[in-house]
Amino acid sequence: MPPVQCLDWTKKEYIDKAPIWCSVDLRDGNQALIVPMNLEEKLEFFKVLVAIGFKEIEIGFPAASETEYEFCRALIEQDLIPDDVTIQVLTQSREHIIKKTFEALAGAKHAVVHLYNSTSVAQREQVFRKPKNEIIDIAVEGAKLLKEYREKTPGDFKFEYSPESFTGTEPEFALEICNAVLDVWQPTPDDKVIINLPVTVEMSLPHVYASQVEYMCKNMVNRENVIVSLHPHNDRGCAVADSELGLLAGADRIEGTLFGNGERTGNVDIVTLALNMYSHGVDPKLDFSDLPSITEVYEKMTCMKVYDRQPYSGSLVFAAFSGSHQDAIAKGMKWREEKDPEHWTVPYLPIDPMDIGRQYDGDVIRINSQSGKGGIGYLLQQKYGVDLPKKFREKVGYTVKSVSDHQHKELTPDEVYEVFRSNFVNKETALKITEAHYKQENGGITATVTADYKGSTAVYTGSGNGRLDAVSDAIKNGLGLSYSLVTYNEHAIEVGSKSKAAAYVEICDKNGNSFWGAGIHTDIINSSVSALVSAINNSDMVK
């Protein structure tokens, strides 16, 4: 912890603006891959990062390998870097490495040269075996060399310094070495520098890191001309929390990777961090409107897999299989449509999946044996225009769940519709109405129907208040059936074809057993009759 209390960050409720983003996918992320990207893959990935909206991109360690060097030169010589994008490269505090780094950068329109040396107690004692003053000398000498080589290299260059292993460094010493570097660089409003405070290894709870960041921000010399940057790794699984609390503590910039790829357990996941801000109404200034495509490119370039439940980007993160969750989502969507379409407050969904390229029917409402009537009904309505009555939803829901349970698999939307269609829609076994004629007489309707029942054809007549009631009376008279018509609903189908109509009928036999049927046809009368016949065919009366 810092030598003085630094808890002003606790008074802030939220992050109110996007930080400066720097992608380190092509350096930190790349060096964490089993097989690092080749030149062509790095060029393709760079273009993706630019399209997302990153204005600062760390492209590698040019002095470390020929591929890194060639990549830097290709970007510059082929003029592949947009004018508003700054590339960043890493270098140790050693002259031959700094020299080759500037050779790689010659002619760059805008570049950040990122200098680092390790400062932690463990590194000082075990690796370098040097006292504090010699560790400071390494940083100061590197800072001077950066200034020297900037003067004789064509291009526009800014500087960044990282006390590597900051979280294992005494805060007072981290401050001392950073201030020593700043004394060399003497930043100005027109030539600001970056001081990066990396969580090289997570060693504490996020609130401790936040206090360390606040301490540095409050005591750093020339703070108004310094961009304080964070580079959290994820050893304890807290990189996003470290970043969020660090931003509250005064940091201006985040270095991270798409989906959190990086050394050991990874870097901070910029997708998660940015969309967390988005969920609070803050524009992250990065475009993730087609996140599935970005995920696809990332997996192709890195041979890594985005975990199915990874926040926002995983294939299942918006998926609701639970019946109660589906019902709440379906009702929330309807409420939003009717009451407040401008705001997103749907239960269980922190953001609108459509905003990042996901679909409600394929990504949110997912159907298996755990699903409920609300989700199944919502899917049928949204994708196929079938708006089932509430009681019918329950019957269809149990039927669909039974199929999924017996087949031990998730059902696709088309499979769900097929279960509905085959079990309830336009059923013509054992009873089929082949012809119907209507006449208005005696204050009502008389129906004459030609019916095929279990292979025998006959003509039946009945009367009622309307056409459906008259057909029902004819069927009862002709076949000697005893039932009552309990529920009737109808609507136009607006999905797929506006020329169709759907009707739903519930009947009850003399024992109180309920049976449902649906009819879909271009003519509403035919739909109604088909729904009635389907309900009868689903009953025990004709079996």
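**Local features of a predicted model**

Thr-67 has its place in helix α3 (residues 66–77); helices here are DSSP runs of H or I with at least four residues, strands are runs of E with at least two, and both are numbered from the N terminus. The structure is a predicted model, in which local features need pLDDT of at least 70 and side-chain atom pairs count only at pLDDT 80 or more, while totals for chains, interfaces and linings use all residues. Residues are numbered from 1 along each chain as its sequence is written, and side-chain values use heavy atoms, with hydrogens and water left out.

With a relative accessibility of 32%, Thr-67 counts as partly exposed. On this scale, buried means under 20% relative accessible area, exposed means over 50%, and partly exposed lies in between (1.4 Å probe, protein chains only). Leaving aside neighbours within four places in sequence, Thr-67 is in contact with Met-37 and Leu-39, where contact means heavy atoms within 4.5 Å. Lys-42 is 25 residues from Thr-67 in sequence, and their C-alpha atoms are 9.6 Å apart in space.

Gly-29, in helix α1 (residues 25–31), counts as buried because its relative accessibility is 1%. Beyond the residues up to four places away in sequence, Gly-29 touches Val-24, Thr-257 and Asn-261. Of these contacts, Thr-257 lies 228 residues away along the chain, yet the two C-alpha atoms are separated by 6.5 Å.

Next comes a charged residue, Asp-242, which is found in helix α9 (residues 239–248). Asp-242 is buried yet has no salt bridge, a salt bridge being a side-chain nitrogen of Lys or Arg within 4 Å of a carboxyl oxygen of Asp or Glu. The nearest side chain of opposite charge belongs to Arg-236, 7.0 Å away; Lys and Arg count as positive, Asp and Glu as negative, and His and the chain ends are not counted. Not counting residues up to four places away in sequence, the residues that Asp-242 touches include Val-199, Glu-202, Tyr-209 and His-233.

Turning to strands, β2 (residues 56–60) and β3 run parallel and are joined by four bridges; two strands pair if DSSP finds at least two bridges between them. Within this pairing, Gly-60 stands opposite Val-89 in β3. Strand β3 (residues 86–92) is largely enclosed by the rest of the structure, because six of its seven residues are buried.

Nine bridges join β12 to the antiparallel strand β13 (residues 501–509), and Glu-490 has Ala-503 in β13 as its bridge partner.

The axes of α17 and α18 come within 10 Å and cross at roughly 35°. Among the residues that meet between the two helices are Leu-468, Val-471 and Ile-475 in α17, and Val-529, Leu-532 and Ile-536 in α18.

Notes: Axes fitted to C-alpha atoms, helices over the stretch in contact; angles between N-to-C directions.
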